[in-house]
Amino acid sequence: MKNKQYPFYEVPEMENLKDMINKKAAFIPDMTAFVYPCETGEMRKTYLDLKEDVDAFGAWMYSKNLMGKHVAIIGENSYEWLVAYFATINGGSVAVAIDKSLPEDEAAALAKTGEVEAALVSNTYFEKLNNKVSNNCFNLKEFDNILSEGRQIIKDGKADEYFAYEIQPDKTATILFTSGTSGVSKGVELTNHNIAYEIVHTSMLFEPRGGVLAVLPFHHAFGLVVGILMVVNYGFPIYINKSLKYVKKNMEEFGPQTMFLVPMFVEFFHKQIWNEIAKKGATKAFKGLMKSTDLLLKTGVDVRKKTYGSIQKVFGGNLEYIICGGAALDPMYVKEFRTWGIEILNGYGATECSPCTAVNRPLFKKDGSVGYLVPGIDVKVTDEGEIAFRGELVMKGYYKNQEATDAALIDGWYHTGDLGYVDEDDFIFLTGRKKNLIILSNGENISPEELEQDIARDDAVQEVLVYDEGGKIVAEVFPVEEHMGDATYFEKLKNKVNKGRPMYKQITRIKLREEEFIKNASMKIVRYKNIPNK
């Protein structure tokens, strides 16, 4: 099919997470829901197993008087984390997801912001956080014992209150914290209806056709709602990656059809692939092969599976789609991965929008855009060029922060802080961040992202940040190891990037650094922590 609009996918209807799990257990009870590593090897859970485990955990929570409370869930990606999350929400409590990697004082501060009354913490972080995030902490190391207790409670007929609880659509289901690239994290309140609407309507634009490898952190909206909850609603198996050091091994073992990633992963895989090609002295020949492949594709001849089998093998041999979100991605990556037979579908959103508001579709996409608008929501561009959304997936507000809520939600429209435009086909294109704009003394405005993208394309660059310093545009670069301290190389790169640009858009100097920039959970550089005097 040509690259044009086509009907939305039919999506399994669901009203809330409890309804979703119950339906999966009823309609596809024996289908694999999760596959995950454990001490005894590899564990598989069916959709019926998932429902029974969630119910047992929920019954146990009721026995501990955790109904209606704000419950923090903290730990590495795991099946236990997800069962605790489902049970908390399905029993009427509020799941407060907190980043496990935060220093204990920051984790405690977020718990205080979210008015946490109890915490479910993995064993890895229990000692560090016990009595810090809450005086009522439970160790998920006891997961099997918790399920046994819960099953006995159900068997004894003492779980009627849990099963009888009816999900309230407009009640807060979860508090997820913003990444905080430009300030203090805020607690985003998402209702049961927000999450259900997001799952159903965003899934109308894309559906997996096979297994999914879950790599992104569960405390992050993109990793949780898009990478887990949507896949559960479709009923496909999810392989849980417990640690980033096992990603390559997990891809080879599981052979996923779809992965949900942030740009950092795509950029890393891309550089690794080209590094291997360079080691063989085949860079020029390989680029010629790619040009030939693209020409053949235009004539309807697809030789990618046969030609690039070694690249596809790196991802398990079955990978068809990478859904990429969380930060901007250079279109160059999309084009090169497409040549290798893997389609990157760029998406866009914010935690405040549950989180996805747009995604490119398999058969309707535009390179350079961040996606096609999710059905049923509205988008507009303000007079200042800012993208804003309105609809049923927009958050309830920032928890106990009316001032921030009023600044972000204006007449029902969530103002993203992103600058951009919407084309005639409802594809969204971004040009920069409103807060990041460099305003020069001559009145000219510059989006640093434009310069960062051009610099980042160079193989010698690992990370880059562009900012204003004393009225001059500075690019601070963290180089790859072999170019550390190579000022001559980067002076030439500066001249190359400046060529053809108007004077006001030219980089004055490049600073070299010896360590990575501070990043958030989405692996985006935290500007306010990295820019001098900010």
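Which residues do ring pairs link into a cluster? Select Phe268, Phe269, Trp274, Phe286, Tyr308, Phe315, Phe337 and Trp340, which are joined in this way. Rings of Phe, Tyr and Trp (its six-membered ring) pair if their centres lie within 6.5 Å; planes under 30 degrees apart count as stacked, over 60 as edge-to-face and the rest as tilted.

Before going on, note that this is a predicted model, in which local features need pLDDT of at least 70 and side-chain atom pairs count only at pLDDT 80 or more, while totals for chains, interfaces and linings use all residues. Residues are numbered from 1 along each chain as its sequence is written, and side-chain values use heavy atoms, with hydrogens and water left out.

**An aromatic pair**

The structure holds 27 aromatic pairs. For one of them, select Trp60 and Phe138: the pair is edge-to-face, with 5.1 Å centre to centre and 85 degrees between the planes. Trp60 belongs to helix 2 (residues 47–63) and Phe138 to strand 6 (residues 137–139), so the pair ties together parts that are 78 residues apart in sequence. Helices (H or I, at least four residues) and strands (E, at least two) are DSSP runs, numbered from the N terminus. Trp60 is buried at 3% relative accessibility, and Phe138 is buried at 17%. Buried means under 20% relative accessible area, exposed over 50%, and partly exposed in between (1.4 Å probe, protein chains only).

**Helix 3**

Next, select Ala87 in helix 3 (residues 79–90). Ala87 is buried, with a relative accessible area of 2%. Not counting residues up to four places away in sequence, Ala87 touches Val54, Phe57, Gly58, Met61 and Tyr162; contact means heavy atoms within 4.5 Å. Ala59 is 28 residues from Ala87 in sequence, yet their C-alpha atoms are 8.5 Å apart.

**Nonpolar cores**

A nonpolar core is a set of buried Ala, Val, Leu, Ile, Met, Phe, Trp, Tyr and Cys residues joined through side-chain atoms within 4.5 Å. The largest one has 133 residues, and Leu17, Phe34, Phe57 and Leu120 touch the most other members. Colour helix 9 (residues 221–234), which gives the largest share of this core, eleven residues. Then centre on Phe34: leaving aside neighbours within four places in sequence, its contacts include Met43, Leu50, Tyr79, Ile228 and Val232. Another core lies apart from the largest one; it has 20 residues, among them Ile74, Leu110, Phe126 and Tyr399.

Strand 24 and strand 25 (residues 472–479) run antiparallel and are joined by eight bridges. Within them, find Val461 opposite Pro479.

For Cys324, the nearest cysteine sulfur is that of Cys356, 12 Å away. Cys324 is buried at 0% relative accessibility.

Note on methods:
A disulfide is a pair of cysteine sulfur atoms within 2.5 Å. Two strands pair if DSSP finds at least two bridges between them.
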